[in-house]
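This report describes one structure, beginning with a single chain and ending with the contact between two chains. The sequence and the model come first.

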Amino acid sequence: MNSLLPAQFVALLRREVLENRTLFIAAPAVLALVLLVFALWIISMAPSARIAEGVEYLSIMFDGLSPAEMAPMFLMPAIPFIMMLYACVIIYLLNALYQDRKDLSVFFWQSMPVSNLGTVLSKIVTVIAVVPVFYVAILFVFYLLVVIALSLLGLSYDVQVAGLGYMFLAAVVSLLLFYVSTFLAALWLLPTIGWLLLFSAFAKRTPVMWALGVFILLGFLEDLIFGTQFLGNWIESRINFRQYIVLDLPMAMDRLFSYDMLFGIVVGAILITGAVYMRRFVD
Amino acid sequence: MDQLKKIILKDRYSVLVATIIIYMTVLMVEGLLTGREARVIDLENPYFDFDVRDWERFRQSRDDSGSTSPDSA
């Protein structure tokens, strides 16, 4: 029976991807398409001399430089994708344990030999490790198309484009930073993931209102009853933008093996345990 | 222990309340032990000096500048 567990878990992950492919694949693909069309529109508006200058500048700028050193620069164009990822993950988590109760498919899934723990864990692993893979794949195609377009433009204006190869390599290396950043950000936000899953499993309707409402209420109650603001202070200490971006691997190691990360995982585990037990109660 | 578990797992509301109580307790104990404080807004520029940790000085400076204004005269 235990030998079946990994295969069972992979099947659960596959289910999550298949049921949410609009959020995980279509949304970033549409974003990439919109950005490409926008870039083409900008290029079509610019004068030819300016375009040739721009392509030549990019080619010279990256020529011969180490892709690993230039990779952090490509996290900038990835920011819209990171924001899209967070938005999609929030929508997914709020519906993860709510939607199947709403459409009653929970009865089917609970009749299968899958524990509540396995179900909830599959959703967390999907968010932490699986979803970023799709974003990395789409970003790879996006960067490839951009480099091909720039190369064609450069060739049509008779400009040296050899440096664009280095630019593409830097963009590819940045995908590793993108994956590590989103992976660590998800671990950093494990308490938020647990909170959303808890209310996704709890609410009979509008889990978003419950999740937000109870959170705000707790903050007020803490201040009112104890005269402290530990909840607010804790949240405030975890919303710095720099905590969500990793620029190199030593930085990732420091972030991963830090006290704040460990404490966040402990708090997240408490909320996730609550979500697992909450899953017992199906209307 | 079994009795406590029964009470907590009685219905969805008891699970929610128990989870939130544990969550808040852990946060508050950790906050007390580590003395966690919010990083307050600290704007530094030559035109507008504002530090919410020093609210009294900010109010005093506003009062002082208000007393020398043409309206107060």
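## Surface and burial of chain A

Chain A has an accessible surface of about 14,700 Å², and 74% of that belongs to carbon and sulfur atoms; areas come from the Shrake-Rupley method with a 1.4 Å probe, and for residues only the protein chains shown count as cover. Of its 283 residues, 44% count as buried, meaning under 20% relative accessible area (1.4 Å probe, protein chains only).

This is a predicted model, in which local features need pLDDT of at least 70 and side-chain atom pairs count only at pLDDT 80 or more, while totals for chains, interfaces and linings use all residues. Residues are numbered from 1 along each chain as its sequence is written, chains are lettered from A and ligands numbered from 1 in the order in which they are written, and side-chain values use heavy atoms, with hydrogens and water left out.

## Fold of chain A

Chain A holds 14 helices and zero strands, taken as DSSP runs (helices H or I, at least four residues; strands E, at least two) numbered from the N terminus. The C-alpha trace of chain A spans about 70 × 45 × 40 Å along its principal axes.

## Contact with chain B

In chain A, 34 residues are in contact with 23 residues of chain B, contact being heavy atoms within 4.5 Å.

Helices H10 (190–202), H11 (207–226), H12 (230–236) and H14 (259–278) of chain A each supply at least two residues of the side that touches chain B. H14(A) gives the most to that side, with nine residues.

Note on methods: Buried < 20%, exposed > 50% of the residue type's maximum accessible area, 1.4 Å probe, protein only.
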